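Thank you all for coming.

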Amino acid sequence: MRHQEEMILRRHCMKIALTIAGSDTGGGAGIQADLKTMTLNGVYAMSAVTALTAQNTTGVTAIMDVTPGFLGQELDAVFTDIFPDAVKIGMVSSARLIAVIAEKLKAYRARHIVLDPVMVATSGAKLLQDEAIVTLKAELLPLAEVITPNIPEAQILAEMPIETPAAMEHAAAKIGEHYGCAVLVKGGHRVNDANDLLWQEGRLRWLNGRRIDTANAHGTGCTLSSAIAANLAKGFALAESSARAKAYLVGALADGLDLGQGFGPMNHAFDIKAAYREEAPAE
C-alpha cells in the first residue's frame, strides 16, 4: 500500500513539458530529439507537430507542413487536458503557423516558453523566408522567457556582425532589451570554443564548455533548448537550467554514438541506468 501511495504521489508531482516543432525521421533532431531529451531530464514530454520531414543523416528529402487549423487543434488538445509547466518551440516554417502558436500560447497563458529561433543554420544557410522571420520576431519572441539563437541567428536579431566574445555580449544585450526576454547565444567555432552566453535582466553569464571532437552533432540546438525547458519545468532558475542543459548536451555528444553515413545524432539516452536497457545475451 505504501509503495502504491508513493507511486501515486510521484505521478502527481511529475512536471510536464511540451515541444512544438517538426518531426525528424532520423530521430536526431526535432520532435524526436525533444521528447528524448525531456524524458531523460525527468519530465513528462508532450508534442505538437508543425511539419513532417523525410530525412536521415545525409540530408532532408521532403517536408510537409501541417495546416494552421490542425496545429491549433493539437495545441487545444494539449492545453485543455494536460497543461505543460514549460514549452519549447523549435522550427516553424511559415508565418501562418507561427501566428497560430502565438495565439494559442497567449490564450492559454503558457509559462516558461523557450524559443529556439531556427532561422539560419550554423553553416549560414537560410531556413526561413523573410515573411516568417518578421512574424517570428513580432509574435513569438516577445512571449519567450528565453531564446537560444546560434551566431548567425543572433546576427540577424541584433542586426550586427558577431566575430568576438565582446560582440556576443553586445548582441545578447541588444536582443534581450529589444524583445524583453533572456537570451542564450550559442557560441561555436565561429567565435570561441564551446562557450555560450546568457543575458538575463541586464546580467551576463558565460557558460563555458569543452568542445567534443565529433561529426555526430545533429540536433544540438533542439536538445539544448528542450533540456532548458525541462529544467525550467522542474523549478530550476534559468541560469541553473541553462547550465544543467549544457552539461547534458556535452554528455550526449561525448558518448560517441556513430550512426548513419552522414551528420549523425548524439546519444540522448547516454545516462539511462535501468534493467529495461539491457540487451539480450549473445547466443
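Predicted model: local features only at pLDDT ≥ 70, side-chain atom pairs only at ≥ 80, totals over all residues.

Let me start with Asp34, which forms a salt bridge with Lys88, the closest N and O atoms being 3.0 Å apart; by salt bridge I mean a side-chain nitrogen of Lys or Arg within 4 Å of a carboxyl oxygen of Asp or Glu. Because Asp34 lies in helix α2 and Lys88 in strand β5 (residues 86-89), the pair ties together parts that are 54 residues apart in sequence. Helices (H or I, at least four residues) and strands (E, at least two) are DSSP runs, numbered from the N terminus.

Residues are numbered from 1 along each chain as its sequence is written, and side-chain values use heavy atoms, with hydrogens and water left out.

Is Asp34 buried or exposed? Asp34 has a relative accessible area of 0% and is therefore buried, and Lys88, also given as 0%, is buried as well. Here buried means under 20% relative accessible area, exposed means over 50%, and partly exposed is in between, using a 1.4 Å probe and protein chains only.

How many salt bridges does a search of the whole structure find? It finds six, and I will describe two others besides the one I opened with. The side chains of Asp76 and Lys104 meet at 3.0 Å, N to O, and this pair links distant parts of the chain, with Asp76 in helix α3 (residues 68-79) and Lys104 in helix α4 (residues 95-108), 28 residues apart. Asp76 is partly exposed at 24% relative accessible area, whereas Lys104, at 16%, counts as buried. Arg111 and Asp85 form a further salt bridge through their side chains, at 3.2 Å, N to O; Arg111 sits in the loop between α4 and β6 (113-115) and Asp85 in the loop between α3 and β5, 26 residues apart. Arg111 is partly exposed, with a relative accessible area of 39%, while Asp85 is buried at 12%.

Turning to the chain as a whole, the secondary structure comes to nine helices and 10 strands, and of the 283 residues, 50% count as buried. If we take contacts, meaning heavy atoms within 4.5 Å, between residues at least 6 apart in sequence, then 67% of them join residues at least 24 apart.

What about the nonpolar interior? A nonpolar core is a set of buried Ala, Val, Leu, Ile, Met, Phe, Trp, Tyr and Cys residues joined through side-chain atoms within 4.5 Å. The largest such core has 50 residues, of which Ile89 and Leu105 touch the most other members, and its largest share, seven residues, comes from helix α7 (residues 165-179). A second, separate core of 29 residues includes Ala230, Leu232, Leu249 and Leu253. Coming back to Ile89, and leaving aside neighbours within four places in sequence, its contacts include Ile20, Ile101, Leu105 and Leu140.

Thr37 is in helix α2 (residues 30-40), and at 0% relative accessibility Thr37 counts as buried. Apart from neighbours within four places in sequence, Thr37 is in contact with Thr223, Ser226, Ala227, Tyr248 and His268.

Where is His218 placed? His218 is in the loop between β10 (203-207) and α8 (220-233), and the C-alpha atoms of His218 and Gly262, 44 residues apart along the chain, are separated by 9.6 Å. The side chain of His218 makes a polar contact with the side chain of Asp24 at 3.1 Å, a polar contact being a pair of N or O atoms within 3.5 Å, where within protein one must be able to donate a hydrogen and the other to accept it, and residues adjacent in sequence count only if both atoms are side-chain atoms. Leaving aside neighbours within four places in sequence, the residues in contact with His218 include Asp24, Gln55, Phe263 and Met266.
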